[in-house]
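I opened my notebook to record what I looked up in this structure.

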Amino acid sequence: MYLNKKFEINESLKKQIHNKGYLVVQNYFEPNFLRKINSKINRLLVDQNNFLPPRDIKFYKKQTKKLKSPNGTLKKTLDKKILSSGYKKFKYFTNGVSYRDPLLKIRNLKKIVFDEKFIKLMSYLIGGDIKLGPLKMATYFNNKLPKNCINYFHSDHLTADGKKMSKCLKVSISLNTGGKIGGEYMHIAKRKSKLKFNKQYFEKKLMTPELKDCLVIPKLSLGDVVVFDPTNFYHAAAKPKNKRNMLYLEYTSKNNKNVPFPTNIFKTDYKKLSKLQKKLASSFIKS
Ligand SMILES: [Fe+2]
């Protein structure tokens, strides 16, 4: 389902998310604004202090079983020496990096994270008060390493620390410049509970005809936003042909007791938020 910027929040969206597990809002964010964020991320990439230790995928190259699991469960991270040689070199050893404290590093990101229409949409779809879960800002690399983690079809049934995932919705925003950017998000548009299939971390070639029929790869342009249900639907991200910067937001019910990965926000930025926006960031650490 493709919506335009002025979409109405109504029952049809709830049905779409329940039955198909995804929707796309086209031209939602200004491409030029996203380009600015994108170039700021590119600047962060040159200093390893800005991101979490990347996993050594080259080391796990032949351990397919380990690659078919959440990236965070891999213990071996990249060697300091390789890391300090810069991303143009270390990108051949890992598939991507996740940045620390996105809201502290790129203050304008708050315009995306606290978008009021999205807050309204998400509280409507989830039903009741919501909060933001972990905020993920990442760069994925083009290289010849094997796929891992999100490159395989999976559902987010466990959190990073192994707890059962509570109901949530995610938003995927591609920040790359250029025209069409389709292909990074792939989705099986049928609830897992309705499929005669039960696997985790599988490849396209393992799909049954039923799954293949339900495979959706939205054609996306800069400014488009994908909303999806990660727990009840299989999804994957293709390995990029060029370096790809992404932002993932996670919305969950306010009653969700799972302690989220801490997200930091500047006190001054938090104070400027509206009442509605503050609700979303209630568990953020104000620094
Ligand atoms: Fe996922």
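**Entry 1: a buried tyrosine**

I began with Y201, which is buried because 22 other C-beta atoms lie within 10 Å. I noted the cut-offs: a residue is buried if 20 or more other C-beta atoms lie within 10 Å of its own, exposed if 12 or fewer, and partly exposed in between, with C-beta atoms placed from the backbone. Y201 sits in the loop between β7 (186-188) and α9 (209-214). Helices (H or I, at least four residues) and strands (E, at least two) are DSSP runs, numbered from the N terminus. I then looked up the backbone angle: Y201 is not a glycine, yet its phi is positive, about 55°.

**Entry 2: what I am looking at**

This is a predicted model, in which local features need pLDDT of at least 70 and side-chain atom pairs count only at pLDDT 80 or more, while totals for chains, interfaces and linings use all residues. Residues are numbered from 1 along each chain as its sequence is written.

**Entry 3: another positive phi**

I turned to C149. It is not a glycine either, and its phi is positive at about 45°. C149 belongs to the loop between β5 (136-140) and β6 (168-174). Is C149 buried or exposed? C149 counts as buried because it has 21 C-beta neighbours inside 10 Å.

**Entry 4: strand β11 and its partners**

Next I followed strand β11 (residues 244-253). Of its 10 residues, 8 are buried, so the rest of the structure largely encloses this strand. Which strands pair with β11? I used the DSSP rule that two strands pair if at least two bridges are found between them.

- β4 (residues 130-132) pairs with β11 in the antiparallel sense over 3 bridges. Here I130 stands opposite S253.
- β5 pairs with β11 over 5 bridges, also in the antiparallel sense. The bridge partner of A138 is M246 in β11.
- β6 pairs with β11 over 7 bridges, again in the antiparallel sense. In this pair V171 has L249 as its bridge partner, and K170 stands opposite E250.

**Entry 5: strand β6**

I stayed with β6. It is mostly covered, with 7 of its 7 residues buried. Which way do its residues point? C168, K170, S172 and S174 point one way, and L169, V171 and I173 point the other way. I wrote down the general rule: in a regular strand the side chains alternate between the two faces of the sheet. β6 is also joined to strand β9 (residues 225-228) by 4 bridges, and these two run antiparallel. In this pair I173 stands opposite V225 in β9.

**Entry 6: helix α8**

Then I checked helix α8 (residues 116-126). L121, M122 and I126 are buried in this helix. Seen down the axis of α8, the buried residues fall within an arc of 115°, so they line one face of the helix. The arc is taken from the directions from the helix axis to the C-beta atoms. What covers them? The cover includes β4, β6 and β11. After α8 comes G127, with a positive phi near 90°.

**Entry 7: the nonpolar core**

A nonpolar core is a set of buried Ala, Val, Leu, Ile, Met, Phe, Trp, Tyr and Cys residues joined through C-beta atoms within 7 Å. The largest one has 64 residues, and V113, V227 and Y251 touch the most other members. I looked up the contacts of Y251, where contact means that the C-beta atoms of two residues, placed from the backbone, lie within 7 Å. Leaving out residues up to four places away in sequence, Y251 touches M122, I126, I130, L132, G133, C168 and L169.

**Entry 8: a three-stranded sheet**

I found an open sheet of 3 strands in the order β8-β7-β10, with antiparallel pairing. β8 (215-216) and β10 (235-236) are the edge strands, each pairing on one side only. β7 and β8 share 2 bridges. The bridge partner of H187 is V216 in β8.

**Entry 9: tyrosine 60**

My last stop was Y60, in the loop between α2 (31-44) and α3 (64-67). Y60 counts as partly exposed because it has 19 C-beta neighbours inside 10 Å. Apart from neighbours within four places in sequence, it is in contact with K66, L67 and L74. Y60 and P146 are 86 residues apart in sequence, and their C-alpha atoms are 9.0 Å apart in space.
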